[in-house]
Every structure is written in C-alpha cells, then in structure tokens.
Amino acid sequence: MPPATPTEAPPEPAAPADAPDATRGDVAGGVGHSAGRPDSTLKVTGEFAYGSDLWMDNMLWGVTVRSPHPYARIRSIDIAEALATAGVFAVLTHEDVPGEKTYGLEVADQPVLAFDVVRYQGEPVALVAADHPEIARQAAKKVRVDYEVLEPVTDARAALGHATPDLHGDQAGQVTELSRAAPYLHPEGNLVRHLKIRVGDPDPVADVVVVGEYDVGMQDQAFLGPEAGLAVPDGVGGVDLYVATQWLHVDQRQICAALGLRAEQVRLSLAGVGGAFGGREDLSMHVHGCLLALHTGKPVKMVYNREESFFGHVHRHPAKMRYEHGADRDGRLVYVKAEIYLDGGAYASSTPAVVGNAGTMGLGPYVVPNIHVDCYGAYTNNPPCGAMRGFGSVQTAFAYEAQMDKLAAQLGMDPVELRVRNAMAEGSPIPTGQVIDSAAPVAELLQRLRAMPLPSDLDGADLRHLPGGVSNTTHGEGVRRGVGYAVAYKNVAFSEGFDDYSTARVRLEAVAGAPQVTVHTAAAEVGQGLVTVEQQICRTELGVDTVVVHPKDTQVGSGGSTSASRQTYVTGGAVRAACHRVRDRVFALAAAYLGETLDDLRLEGGNIVSQTRGAVGSVADVLGTEVVEETTQWRHRRTEPIDPETGQGFAHVQFAFAAHRAVVDVDVELGLVKVVELACTQDVGKAINPDAVVGQIQGGSTQGMGLALMEEIQISEGKIRNPSFTDYLIPTILDTPPMPIEVLEYADPHAPYGLRGVGEAPTISSGPAVMAAIRDACGLELTKVPVRPEHIVDGGADREVSGTD
C-alpha cells in the first residue's frame, strides 16, 4: 500500500458576518481572568440545589424494578400484588410505553423497559410510583418476573468469535476467526463497530521490535450526585422534566420518541448536576419519570441510591489490546500494529464514537510512517459502556506509552528522548492522514516536564510519607522510588462529520439605569465552570459587568453535549458570536443617538468608547427602553467521515496535548504504591479562566491516577461485585500528591480566542505516567490496569485473573 496522502481540512463554509474577530482588550472578570464562579458560594455553603433536592407538594416517588440476571429471557411479568399495595399509584411495564420501545444515543437498541430479554444485570423491567419512597421500594419487590436464565457473553473477543492473540508462537499477533461461538445478543450480531487504519507498507521490517498485550479495567465516573429528576405533567398531555444531565436536546429527542409526543410537549430544564464525566450523556430515569407522571397525572421524583447508580449509567469501556512497535536503531518508529478490543456491554451507547477515538488516536502523539490498526467495539452481557472523560483515548494510552518505554529499554535510550525523537509537531500527519494545522508542542511539553525539579529523596525519618506508612506497615526497607513519563493527545469536540454546533441567546438591556446582559444557552453546567466562561465572554465582548446566566433549558436551541472538551470552544464560540451581533446593533443605536456614524467604537465599562474621542455615551443611555437580543447558532469547522477501508480523512476539529511525570514510592514486598508527585505540562491555547484551567488539570490528573492504581468495577459472569464507594475505590485527598503544573498557551488560529479544550487531556497521560513510574521502581512489566498489590508482589499480572471475566 502506498504512503497515505496527508489530508488537508475540507473547504470551509463562508464565514458568517458575526465570525469571531481578535480578542478584545483586557476586561476585569473577562476572558483571561480567574473570575469567580456564580454558583461557588451556594455550593460551598451547601445551599446549592442538586437534582436530588428537587421537590413538589403531593409528588410521588418512582422506583425501578431491575433484572438480577445479566442475560435472561422474560417469560412473564406479574404486577398485580405490587399494584394492590396501599399507596401505590402505578406499576408500568413495556406495554405502557406509548411510543418507540427502544432508544439510544447513536443506535436505538436499548429498551425503555425490557420486553423480551434482559441483556445486563440491572436492566429496567418495570416501574412503580407511590406516595412514599419506601412504599415504592417495597412494592417493587412484589413485581414477579419469570426469567429463563441464559449463559452470558462476557468477553469482547469471544463475542466476536476472535481468538486470543498468540504473543510468542509462529502466528504471533494474528487474530484467528473462529466459528460463531457466542450467541448473537442483537439481531445484527455482536459487532458494534470495526475501525481500520491502513497506512504505508503492509509488511514493514524494523531493526527492533517490541510486542505487548495490555488489559484496562472498567472505570466508573464516580460522580457524587446520583441520577435524579422530577417529571411534572402539564395537564394537557405534555410534561416538564427537571433533570441532571449533559445533553438536554438529545435527551428531549429520545424522550419524545418514547412518549410519542412532539418537542413542544416535552420541556427539559437542567437540575443541579453533581458531576458527570460522561456518565449522564445517556438516559437514566428520564423516560421512566415522564411515563409515571403522565400515567398518574402527578409530579414524580426519581433518585437512584449509590448502588443503583452503578447499574443506572454507562461506564468506561474495558479494553484488551495487543501492540507491536518497530523502530530503527536510532529510535525512529518504522511501524505500529495494534489490535484493540473495547467491551461495549449490552447496548451501543456511544461505543461507535469511542471506537473512532481509540482507533484514530490510539498510537499516541507520534509520527508513524506505517500503520495497521484494527479497533473493535463489541456487544457483551456486561454493563453498558459509553462516554467517560478521555473517551477511548485513555485505554490506548496505557498501551502505547508502555510500548514506548519497552522500546526505549530495548534500544538503550532515555524514554523521554525516544518520545521527543518521534514527537508530532505542527505539520505532522496523524494516523488518519489529517495534517495538524496548529501548534503541537509535544517535544516541548516533555522537555519542560523533564526540566522541572524532582521531589526530595525518601525521608526515612517520617514513615507517614511512605506507602502504607500511616498504618505503620514499613520502615522503608522494601520501598523503591520510580520515575515515569507519558504524553498523550485528544481530539476536541465531535468528529467524523458530526454536525456539531451550539446556540446562544444574548440579551442586553438597561436595568435600574445600568446595562445588564442575560446569556441563555442549553449547554449543561455539570461542575466544570461553563457558566463562568459564558459570563466572562459577555463581559469581554460587551463591556458590561453584570451578566446573568439564564437557567439551562430546551426553550433555546441546542447547546450540544457537555462532553468532548467542547463547551468552551463551541458554546463559547456561540456566545461570542451572539455578543458580536448585539454589539453591532448597539453601535447602530449609538449612530442614531449621536447623529453620526463612528467606525472606531468599542464597548467598555458600560460605555460606548471611541478610539479617538473617548466615551461618547453610556450603554444605558443609548439603549433607553430598547432591548437588544440576538440568538446565534455557531459551528466549528467541518470534519468528515473517515474512509472505512483505510481510515483516512479529516476526522477531527482540534487536538489537545498534555504530558505527565510521575514520581512514586513502591513497597515491593507489600505491593503498596504512594504517588509522591504528579507533574503536568499542557498546552491550552488560551487560558480563558486560569484558575479553572489548573483545577481541570488537577481533577483530570487525579482521575487518570485513580484508574492506574485502584479504580475498577469488578465483574464476574456479567455481575458487578462492588457497586458501592466502600468497595469501588477512588483517590481521596490523602492519595492525591502535589501537582506542579506548567500551562502553555499556543493559540489555535481556528478556535475562538485561540483556546483548546482542557478537561480530558490530563486524564489520558497521567495514568500511563504513574504506571511507568511503578515499572521503573519494581522492574516488572505490569500489563494490567489498575495495578494491584499482588501484581507487584507476585512479579506481574500473568497469574492474576482480570476484573472483567
């Protein structure tokens, strides 16, 4: 196969009249300042209303009846005893769904309520509404479901009829097609998506070759606020839903289809969201609450407890991966071959897009001339998997960064130098052939990271700082220090031709003699600080201090999903464009007010200011009783689907780059690990809110570290073994190390203000850096993530059964 031709960006649509221009001057509380969050005081004082705090007089409580089996055929459902319970107002099954029986983000394959088979443990089968939550829970236990239990399919490779690759024999690395060993879980089979990338020579030869197989477990988003919502019937056949979510309009579309209603009959408002990280992109109680409300004619509240939450949302895809890297003796990559299997669980959710990310960015931020990648997403009877921070790029980074360390050891090279030698830069092609057309400072990030001072050596005098030291498990005799590096990249916004846009409505008026801006978008605030960014952009563009953020709802056009690190870019772009239209109308009013047109006007400090004359009038005086309001739909530059046979195409809007250095202490006798420091360098293009940027990097780094060390949903024969925060471990403040952070700002000329998405990139490189440091300390290969004490003590993970059977 000939080398791929680099793919340039597709032609841009004609720029609208309100296309963003250069960043305006410095404005207090505006872009580039660490403006305070409007919801901060309420949150730290405990007064902020989350979805679980919703309340209406005379409301009912909804409860879900869930399958105890990962795979079973439903023979019958008997609701009579439950319905006869005092205080129960409704018991519903699939027969009560008036519209489409299935829904889904990308593929409508998931039943609103199971009607023939259940495909995962915890799948909703029936709903109960009662006047007290405990009555609803007790009635739910009285719903009798007769199941024919079936043998679950719990391995993604087996689901596709693929053999486990042989790493050592004559057929090393080849995947053998087997006869159809696994039953079809869906009529079309068990394959959700197969992505192929083929670049260059199909049979490359290299001086040095390293091969490895890697296993990444299922991570939970572990948001603190459980799934919650309140559905309120309007009395004329419609319903209002107040819900904690990430994507109001796609929720609305799916709810309307299930209820058989029009969009104007189903109105959504964002309730307070206690974290998301991708886990609220799919529906949870949305349709169920609306069904119960419409059936009873009463408001219905549904709140999951912590255990139910583990069954009620998607998780990060577990992955099994085989990589082969070839390089010349100088350390230049010659080729990479990769086979990636992502376990999508029972339903598709966003698996097609996760496969897209894992496949197209699964080789890391390195220039590779010859590429052979196969990435599969498979249906199994494990819990459904979908969006989570990093979205397919997290899993592959553990593999390709381990491979780079392995290759460096084989070559006798410094691991950082090997990465720098192969690093992408502006003008480099990615595996899809797309040319990076903005800054890609991969080498600089690594070099700056290496130049940071290392923490001090082990302090034997203070045992508390050693792994397990607070429990007095060691005096330091078995503790070894390790240092590891990793670098990664991530696409920003939606890819592969998705029509990705956001809508903003900006209103400017005089209130009590002073100008006030109201900004209204449907872009979900899930804790990341978008409401602050919206205020900052309005202050910068309109020069007005008072900016009110309208509650998020579906009464304005779609803001898209709060995912893919896209909201500051896309909704920020929409707010900016709407502000420009408002500004232009104010200038037109100023011309009438002044009796002349000036071409050098700007809005600043509540005044209309001329470059040559200074202030020529206040915004409030020029407006008078006039209200200026503009609604704008804004899109980033277009992407395109990739070629199904070669994987080539302009697939992504933008890339974010981050690198980490981890320093760890490992007790090699007990298998305990303490992360001493986790340093990060990241290019953010433009820091819209510098403090918020640092917070995003810290949070993302901690989440990646958690996956490396402790976070895993344990699955046995399709059943979750640890659905609680007692047994599903997440890092606490005691586990979180100091995090030196260096932020670079190389503007992307294609983005508003030159910004780049921030939140996901640090989640991708932090975990691999921690793993590299552990390997450095104990000298083991460690191919399973998260690493456990027995992997270290027993000399690796070879004898350990994976958390996902």
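In this predicted model, the charged end of R576 is placed over the ring of Y753, at 3.9 Å from the ring centre.

The axes of α12 (residues 530-542) and α13 (residues 567-594) come within 9 Å and cross at roughly 30°. Because angles under 35 degrees count as roughly parallel, α12 is described as roughly parallel to α13. The crossing of α12 past α13 is right-handed.

Another helix pair consists of α9 (residues 393-411) and α16 (residues 761-778), whose axes come within 9 Å and cross at roughly 35°. Here, too, the crossing is right-handed. Helix α9 contributes S393, V394, A397, F398, Y400, E401, A402 and D405 to the contact. The residues supplied by α16 are T763, I764, G767, P768, M771, A772 and R775.

Searching the whole structure for aromatic pairs gives 13. In one of them, the ring centres of W247 and F494 are 5.6 Å apart and the planes stand at 40°, so the pair is classed as tilted. W247 is located in the loop between β12 (239-243) and α5 (248-259), and F494 in the loop between β18 (479-492) and β19 (501-511); the pair therefore ties together parts separated by 247 residues in sequence. Both W247 and F494 are buried. A stacked pair is formed by Y341 and Y376, with 4.9 Å from centre to centre and 15° between the planes. Y341 belongs to strand β16 (residues 333-343) and Y376 to strand β17 (residues 370-378), and this pair links distant parts of the chain, 35 residues apart. Y341 has a relative accessible area of 2% and is buried. For Y376 the corresponding value is 12%, and this residue is likewise buried. Ring pairs also join W247, F494 and F498 into a cluster.

Several loop residues were examined for backbone geometry and accessibility. N472, in the loop between α11 (442-451) and β18, has a positive phi of about 60° although it is not a glycine. Its relative accessibility is 54%, so N472 counts as exposed. A512 is also not a glycine and has a positive phi, of about 55°. A512 is found in the loop between β19 and β20 (514-520), and with a relative accessibility of 84% it counts as exposed.

The peptide bond joining V785 and P786 is cis, with omega about 0°. P786 lies in the loop between β31 (784-785) and α17 (789-793).

Q611 is placed in the loop between β23 (607-610) and β24 (614-618). This residue is exposed, at 61% relative accessibility. Apart from neighbours within four places in sequence, Q611 is in contact with D600 and R602. The C-alpha atoms of Q611 and D599 are 9.0 Å apart, and the two residues are 12 residues apart in sequence.

Technical notes:
Residues numbered from 1 in each chain as written. Predicted model: local features only at pLDDT ≥ 70, side-chain atom pairs only at ≥ 80, totals over all residues. Heavy atoms only, no water. Phe/Tyr/Trp six-rings, centres within 6.5 Å; stacked < 30°, edge-to-face > 60°. Helix = DSSP H or I, 4+ residues; strand = E, 2+ residues; numbered from the N terminus. Buried < 20%, exposed > 50% of the residue type's maximum accessible area, 1.4 Å probe, protein only. Lys NZ or Arg CZ within 6 Å of the ring centre and 35° of its normal. Axes fitted to C-alpha atoms, helices over the stretch in contact; angles between N-to-C directions. Parallel < 35°, antiparallel > 145°, perpendicular 65-115°, else oblique. Left-handed = near helix turned anticlockwise from the far one by under 90°. Contact = heavy atoms within 4.5 Å.
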